[in-house]
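Reader: I am new to this structure and would like to understand the words used for it. Could we take the terms one after another?

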Amino acid sequence: MANLIKTTTLDGQPIEFIDEVKASDGMQHVYLSPDRSYVVALFRDTDFQAKDRLIMITGKYRDSVFRQAEGDYWRNLYRWPTAAVEINGRFGFTLPSYQKQFFFEYGSKNNDFLNIKGMLKEGKWFTSANNQNRYLDPRERGDWLNYLRIGILISRAVRRLHAAGLAHSDLSYKNVLVDPVRGGACIIDIDSLVVPGKCPPDVIGTPDFIAPEVVATSHLPKEDKNRKLPCIATDRHALAVLIYMFLLYRHPLRGARVCDLDPEKDEKLCMGSQALFVEHPADASNRIRPSDAKPSELPWKDTARVPFSVTGPYLSELFKHAFIDGLHEVTKRPTADEWEVALVKTVDLVQPCRNPDCAQKWYVFDNTRAPKCPFCGTPYQGKLPILNLYSARKEGSFRPDNHRLMVYTNQSLFPWHVNRNIFPNERLAPEHRKRVGYFVLHAGAWWLVNEALPDLADVTTDNKIAVPVGGKVELKDGQKLLLSREGGGRLVLVQMVEGA
C-alpha cells in the first residue's frame with residue numbers, strides 16, 4: 001500500500017498526498033490527495049526560472065485575482081495552482097482537481113473508435129465537425145447557444161489574465177476544458193503563464209493557435225530581438241481562433257493553398273508570414289475545397305454554405321479584425337474585452353430553431369425578408385418583435401446603442417438590458433441577476449410582462465401610458481417603450497418582422 005506523505009507548502013499550508021504517481025508527462029509527476037480534492041505536481045527537473053515563476057503565480061498574481069470582491073467567481077474559470085511546494089529536493093505545486101462536469105459521461109457513439117468516457121472534455125473534441133460526428137455521444141454535444149456562452153467565459157478569463165499583465169502563452173483547445181451541455185468552461189495549464197519582466201515563455205504554443213509572427217520567427221534564437229515570443233498579443237490571436245472554431249468547427253487559416261512543396265516549409269509559411277484567412281473577401285486563394293472534406297466535416301467546411309457571417313454582425317466584424325486586419329498587424333487584433341462584449345450582444349440576437357431535429361438548436365436571427373436557420377434551413381414563421389435599444393446620455397435624450405434584443409417565448413428581460421451601465425460579468429451585483437420581465441406569445445400577439453420595472457411606460461405618443469409592475473404591454477411595430485428613467489436607462493424601439 002502506498003505511503004501517505006504529509007508536508008507543508010512554501011507558504012505554510014499543510015498538505016498530504018498518496019505516494020503513488022497517478023499521471024505524468026515529460027516534465028512532472030502528479031499525485032492525489034487522500035480526498036481527491038487536489039493534486040500535487042512535482043517536477044522531474046526544475047530550473048530557477050520555473051521556480052520563480054510558480055512562486056509568483058501562486059503568490060502575488062493568485063492574490064490579485066482571487067483576493068478581490070469577485071474572487072470566488074474566478075475559481076470555476078481557472079484551474080489555478082494554489083501553492084508552491086518543495087519536498088526531498090523536488091519542487092512543485094498544488095492544484096485543484098478537475099470538476100466532474102469536465103469529464104465525459106458517455107462513451108463514443110461508435111465503439112469501433114476511441115472510447116472517450118471518463119476522459120477530459122478538452123476543447124479539441126468540440127472544435128472539429130469530424131470529432132463531433134465521429135466520437136461524441138449526442139448527449140455531450142450541447143447546442144450553439146452554449147458555445148456562445150463558452151466563448152463569453154473564455155474571453156472573460158483571458159481578459160482578467162491580461163488585466164493582470166499576464167499572458168497564457170499556450171491558449172489552445174488543449175488547455176481549455178468545456179461543458180457544452182451546461183455552457184461551462186475552464187482554462188488550465190496556468191503554471192506556464194508569462195510573468196512580465198520576470199519569466200519569459202517556456203513554450204511557443206500549440207500548432208493551429210500559434211500567432212503568425214511567432215511561427216515566422218521560430219528559427220531565430222530566443223535572445224534575438226527579432227524573435228517573437230508568446231505575449232498578450234499572441235493570446236489575442238489564439239482567442240480569436242478558439243472562438244471561430246467553437247462556433248464554426250473549422251480552422252480560420254487552414255485552407256487549400258500550398259505555399260511550398262516541402263511540407264515543413266509549407267506549414268511554416270501557411271501558418272506564418274503567408275497566413276491567409278480562408279474566408280478573406282478579396283483573396284480566395286486559401287478557400288477550403290468542400291470536395292476535399294470528409295462527409296463528417298460538411299457542411300462546416302463549405303464556407304459558402306456556412307460563412308462566418310452566420311455568427312452575426314458583432315462577431316463577424318471582430319473576425320475580420322482578427323483574421324484580416326490583425327493577422328499580421330498585431331495592434332489591430334481584438335482584445336478579450338471586445339470579444340466578451342460582442343458575444344454577450346450576440347446572445348441577445350439568437351432565436352430557437354423551429355426544427356426539433358436541428359443539431360444546433362439556436363441561430364442568430366439575420367433580420368432578412370425570409371429569415372431561416374442557417375444550419376438546417378428551417379424558415380422562421382410568424383411575427384417576431386425586435387427590440388432596438390437606445391440609452392439616455394442626458395435626461396430626455398436617447399442614442400442608439402448598436403444593440404438589439406430578439407424576442408422569443410419566455411425569454412427574459414434582465415437589468416443589463418434595461419440600463420447600459422450594467423453588464424453581465426463577474427462584477428454583476430446580486431440584485432442585478434434577477435430578471436425584471438419576460439416575453440410571451442399569446443393569441444397571435446406578443447406581450448412584455450412587467451415583473452420589476454417601476455418606470456415601464458409606452459411613450460410612443462405624447463400621451464404616455466404607464467405599465468405597472470404585474471401588468472403587461474402588447475408589442476407593436478414602431479412602438480417606443482421606456483424601460484428606465486435612471487442614468488443610463490434605456491428606451492426600446494419595437495420593430496416587427498414577419499417570416500414565411
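Author: Let us start with the largest pocket, whose lining by class has 19 nonpolar, seven polar and 13 charged residues. This is a predicted model, in which local features need pLDDT of at least 70 and side-chain atom pairs count only at pLDDT 80 or more, while totals for chains, interfaces and linings use all residues. Residues are numbered from 1 along each chain as its sequence is written, and side-chain values use heavy atoms, with hydrogens and water left out.

Reader: What makes a residue of that lining nonpolar, polar or charged?

Author: Ala, Val, Leu, Ile, Met, Phe, Trp, Tyr, Cys and Pro count as nonpolar, Asp, Glu, Lys and Arg as charged, and the others, Gly among them, as polar. On that basis the lining of the largest pocket divides into 19 nonpolar, seven polar and 13 charged residues.

Reader: What is meant by a pocket, and what volume does the largest pocket have?

Author: On a 1 Å grid over the protein atoms alone, a pocket is an open set of points where a 1.4 Å probe fits, with protein on both sides within 12 Å along at least five of seven lines, and lining residues have an atom within 4 Å of a point. Grid points are joined across faces, edges and corners, and the volume is the space filled by probe spheres set on the points; for the largest pocket it is about 1200 Å³. Of the 39 residues that line the largest pocket, the closest to its centre are D25, Q28, V30, R79 and Y98.

Reader: Why are α5 and α7 called roughly antiparallel?

Author: Both are helices, that is, DSSP runs of H or I with at least four residues, numbered from the N terminus, as strands are runs of E with at least two. Axes are lines fitted to C-alpha atoms, for helices over the stretch in contact, and angles run from 0 to 180 degrees between N-to-C directions. The axes of α5 and α7 (residues 232–248) come within 10 Å and cross at roughly 170 degrees. Angles under 35 degrees count as roughly parallel, over 145 as roughly antiparallel, 65 to 115 as roughly perpendicular and the rest as oblique, and α5 and α7 are therefore roughly antiparallel to each other.

Reader: How do you know that β12 and β13 pair?

Author: Two strands pair if DSSP finds at least two bridges between them, and seven bridges join β12 (residues 383–394) to β13, the two running antiparallel.
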